[in-house]
Amino acid sequence: MLRLNSVFELLWNQALGFLSLFAALYSYKSPDCQITANLQTCSPSQFQSIFFFFSLYLFALAQGGHKPCLQAFGADQFDEKDPKECKDKSSFFNWWYFSTNLSIILSLFVLNYIQDNLSWALGFGIPCILMCLALIIFLLGTTTYRFCIPSDKRSPFVRIGLVFLNAAKNWRTTPVAISKEEEALGIMHYQGSQQFKFLHKALVAPDDSKEDGQVCSITQIEEAKAVLRLAPIWTTCLGYAIVFSQVGTLFTKQGVTMDRSITSSLQIPAASLQSFSCLAIVVSISIYDRILVPIARSITRKSSGITMLQRIGTGMVLSFLSMVIAALVESQRLKIAAEHGLVDMPKATVPMSVWWLVPQYLICGISDVFVTVGLQEFFYDQVPIELKSIGLALYLSIFGIGSFLSSFLISVVEKATRGLGRDSWFSDNLNRAHIDYFYWLLTGISAAAFAAYLYFAKSYTYNRRNSL
């Protein structure tokens with residue numbers, strides 16, 4: 001894990017270095033520059049374009065590998081058998097996300113200013129230098145880290161894959177034969193063992209052979225069950241991820257059309273409204289970890305205050321509420337645009353303050369504290385010990401696939417609502433569009449996803465006693 005963290009962090013540094021180099025090279029005048037109406041326009045060369053996109057893809061690869069590996073490695077530093085460290089571990093994911101969003105706020109206000117007013121090369125160079133320092137500090141602590149030593153030398157993918165393979169080979173095995181094998185192994189029945197009972201067919205050796213490695217142990221089967229139990233939770237959380245994707249897209253489009261004046265000469269950029277979500281996250285995490293968790297802990301006697309699934313469900317309810325508010329605000333915006341005769345004036349500013357959007361940003365941020373951090377802890381805690389980083393990668397994939405589903409849904413709705421003499425819900429003229437209808441659609445999706453989540457969460461069996 002330590003090596004993986006170092007490799008991905010090096011790739012991250014390299015990507016930032018490439019972006020800084022590209023920005024520095026592109027700032028020089030190119031022979032393709034043209035002077036038009038006192039403005040200089042330049043087209044990058046083919047090499048520059050390839051170099052730029054290579055840097056972006058390298059950055060995405062590094063970030064995708066670095067986040068789950070480093071987060072899992074950080075959580076592994078806590079001893080679950082120690083009561084105090086067990087409590088601290090519950091807070092680890094909270095403060096991890098707190099730090100992440102605090103850095104986003106600093107980036108929005110500091111790095112954006114540097115990139116827009118000073119230099120893009122400097123704007124990419126500063127985080128590159130900071131990442132180099134972070135890597136050095138990380139490596140200096142090598143002798144103090146705790147490392148998990150797996151009891152089984154085989155890859156967890158091999159162990160779990162063998163369970164599904166043997167269960168498939170033994171699909172004709174009768175329940176009587178499975179029961180005899182369980183009795184011979186002295187396996188005690190409990191609630192979790194009744195789930196995915198078909199996997200117990202892997203206890204029987206294929207073709208009745210008892211060769212080493214061919215018969216799966218009950219530990220392997222329980223590992224496979226633990227992974228399989230995650231599938232319904234993962235699937236139902238995609239509804240939340242679709243809603244989450246709107247914060248940086250449709251919410252911003254709404255803000256562009258509204259009155260963003262702070263003073264007579266100063267306007268707030270529409271994209272800067274996303275900082276309200278980050279601020280809500282930073283404040284909410286502090287309140288949640290320092291006030292709500294101790295109160296809940298005294299009532300429930302759980303180290304985390306409430307269970308991980310309860311936390312995720314609470315966030316999904318708040319996400320549903322944010323869509324209701326977003327739909328109502330957009331309906332009001334359209335009404336005001338119509339009252340002032342601005343329906344056919346897409347570039348005109350609707351006389352409605354952009355601060356109307358703040359509640360939906362704030363609620364989305366608060367819901368993120370419950371769902372995102374809850375998912376991080378859940379997918380870390382509920383996978384076999386050697387698959388912690390894979391579990392966190394699964395959590396990240398919810399938001400990646402959710403973004404794709406959001407784009408797909410928008411494409412489908414765009415085609416379905418567009419017709420002769422009729423504007424689609426996503427018309428370029430936002431005053432003729434109906435984003436409010438789309439928000440109501442997302443409200444319905446959120447409700448359906450939560451209902452399905454509630455069903456699976458109630459029947460979910462935690463695979464670790466300290467998670468109960």
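Let me start at Asp259, which stands opposite Ser353 in strand E6. What we have here is a predicted model. Asp259 belongs to strand E3, residues 258–259, and E3 is joined to E6 by 2 bridges. The two strands run parallel.

Stay with E6, which covers residues 350–353. Which of its side chains are buried? Val350 and Met352 are, and they point to one face.

Now to a pair of helices. Two packed helices are described by the angle between their axes and the distance between the axes. Take H7, residues 218–236, and H14, residues 435–458. Their axes come within 9 Å and cross at roughly 160 degrees. Angles over 145 degrees count as roughly antiparallel, and H7 and H14 are therefore roughly antiparallel to each other. The crossing of H7 past H14 is left-handed.

Which residues meet there? From H7, they are Pro232, Ile233 and Thr236. From H14, they are Ala449, Ala452, Tyr453, Phe456 and Ala457. Sorted by class, this contact has 7 nonpolar residues, 1 polar residue and no charged ones.

Last, the whole protein. There are 14 helices and 6 strands. Of the 468 residues, 46% count as buried. As for contacts with a separation of 6 or more, 77% are between residues 24 or more positions apart.

Conventions
Residues numbered from 1 in each chain as written. Predicted model: local features only at pLDDT ≥ 70, side-chain atom pairs only at ≥ 80, totals over all residues. Heavy atoms only, no water. Axes fitted to C-alpha atoms, helices over the stretch in contact; angles between N-to-C directions. Helix = DSSP H or I, 4+ residues; strand = E, 2+ residues; numbered from the N terminus. Parallel < 35°, antiparallel > 145°, perpendicular 65-115°, else oblique. Left-handed = near helix turned anticlockwise from the far one by under 90°. Contact = heavy atoms within 4.5 Å. Nonpolar A, V, L, I, M, F, W, Y, C, P; charged D, E, K, R; others polar. Buried < 20%, exposed > 50% of the residue type's maximum accessible area, 1.4 Å probe, protein only. Pairing = 2+ DSSP bridges.
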